[in-house]
Amino acid sequence: MYYGVLGQTAPFLPMVNSITTLNQTTSGGLVVLSGFILVYGDGGIIYWNTGVGFTIWPNTAFFQLGTSKFIYAAPIRSGQNVPALFWSLNSLAQGTLNPSATDKVNFSDQFLFSYISTRITVMSPKSIVSLDPCFYWVGSDSFWMWNGAVQVLPNTVNKRWFFDNINPNQTGKTFGFANTKWNEIWFVFCKGDATEPNWALVYNIDNGSSYNTAWFDTDQINRSAAVPSGSIIPYPLMSSSVPVQNGGNSVYPIYVHEYGVDAVEFFNTSPITAYIQSSYINLWAANAYSVNAKVAEIDTVILDVAQTGQMYFYISYLGYPNSTVRQSDNFNFSSSTEFLTTRVRGSIFSITFVSNTVGGDYVMGNTMLKMLATDDQRPGPTT
């Protein structure tokens, strides 16, 4: 454990225990609470100093809560006597200053601790994300949150996909951060055989009441660490997990996120491909045209898109749920395009809008489809 003054060039100094004259160590971490330094780690033990300087650590100033190692702690920003949460791999505990403490010599009763839950799991201490007044994290088989009480964070969209695709040998590299611009929680992880984080799962808090739109993933994004936005830096900073070449040197760039609409790497600017894909429309679940209609035609797409730069869309279509998905040609459109005739036939459809130009940006409005019933009784093609 080390201490020092930020902004100065002097190196940090080891935190020496003046009682034992040994360097103070920890196997878990530390947290500052009400002026005291609390250290946690193996055996469920939490110990603290006297709150004066960094050197006095009485050997009676500790508490053992269970036997599991505590791996992370964070203060809760509420009230004058700020409490803290302590995570082990299978429990969540709370510690707070004892207002009735009487031992002013050895500080043995300075804090009170208790379990909040003994049924949680934690995948990685770096996956625990704070967005006041809540905490979010990834467990071994579920997502969790604390908002005054512990609860599973529902995910009916891609929970199974996440746990089926994460590299089981690299779960400890999973990390999270808050993207405050969009009120999102990002969990970045090693997907497939990747040994460094290369994919992100995102939870949008504003859409949390509608769990089918609250969760999505980013496609491939090679990032190894992140610093959230704040009062000094108004955008997140993320470091690359893949080296790139710059002037003959192999370097790991630091990227500015949520700033601009293009990918800028050194002196090279390229577009960021962005797309919106609709859910599938089908005639089998709800026949809006005729009880005898088996095939429909998307005749016209009536556009309502506020955009910068060219865009295009394509239609994915099939005859039956087990048919091969086919894809139409790309239909290009600009900000002045009112509609496009497509005439794509099938019984199950999805439409995808894509922006892939430098400076490209867009906001979807109330885009509509003109659909026609046909006399066909057999959807096609089916292979």
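What follows is a short report on a predicted model.

## Overall fold

The C-alpha trace spans about 90 × 55 × 40 Å along its principal axes.

Now to how the chain packs against itself. Among contacts with a separation of 6 or more, 51% are between residues 24 or more positions apart.

## Burial, surface and charge

Of the 383 residues, 42% count as buried. The accessible surface of the protein chain is about 20300 Å², and carbon and sulfur atoms account for 52% of that area.

As for charge, the protein chain carries 23 negative and 17 positive side chains. The centres of these two sets lie 6 Å apart.

## A look at His257

Let's zoom in on one residue. His257 sits in the loop between strand E23 (254-256) and strand E24 (262-265). Is His257 buried or exposed? With a relative accessible area of 14%, His257 falls under the 20% cut-off, so it counts as buried.

Which residues does His257 touch, leaving aside those up to four places away in sequence? They are Ile221, Arg223, Tyr235, Pro236 and Met238. With Arg223 there is also a polar contact of 3.1 Å, joining the side chains of the two residues.

How values were computed. Residues numbered from 1 in each chain as written. Predicted model: local features only at pLDDT ≥ 70, side-chain atom pairs only at ≥ 80, totals over all residues. Heavy atoms only, no water. Buried < 20%, exposed > 50% of the residue type's maximum accessible area, 1.4 Å probe, protein only. Contact = heavy atoms within 4.5 Å. Areas by Shrake-Rupley, 256 points an atom, 1.4 Å probe, with all protein chains shown as cover. Lys, Arg positive; Asp, Glu negative; His and termini not counted. Charge placed at Lys NZ, Arg CZ, Asp CG, Glu CD. Helix = DSSP H or I, 4+ residues; strand = E, 2+ residues; numbered from the N terminus. Polar contact = N/O pair within 3.5 Å; in protein donor to acceptor, adjacent residues only side chain to side chain.
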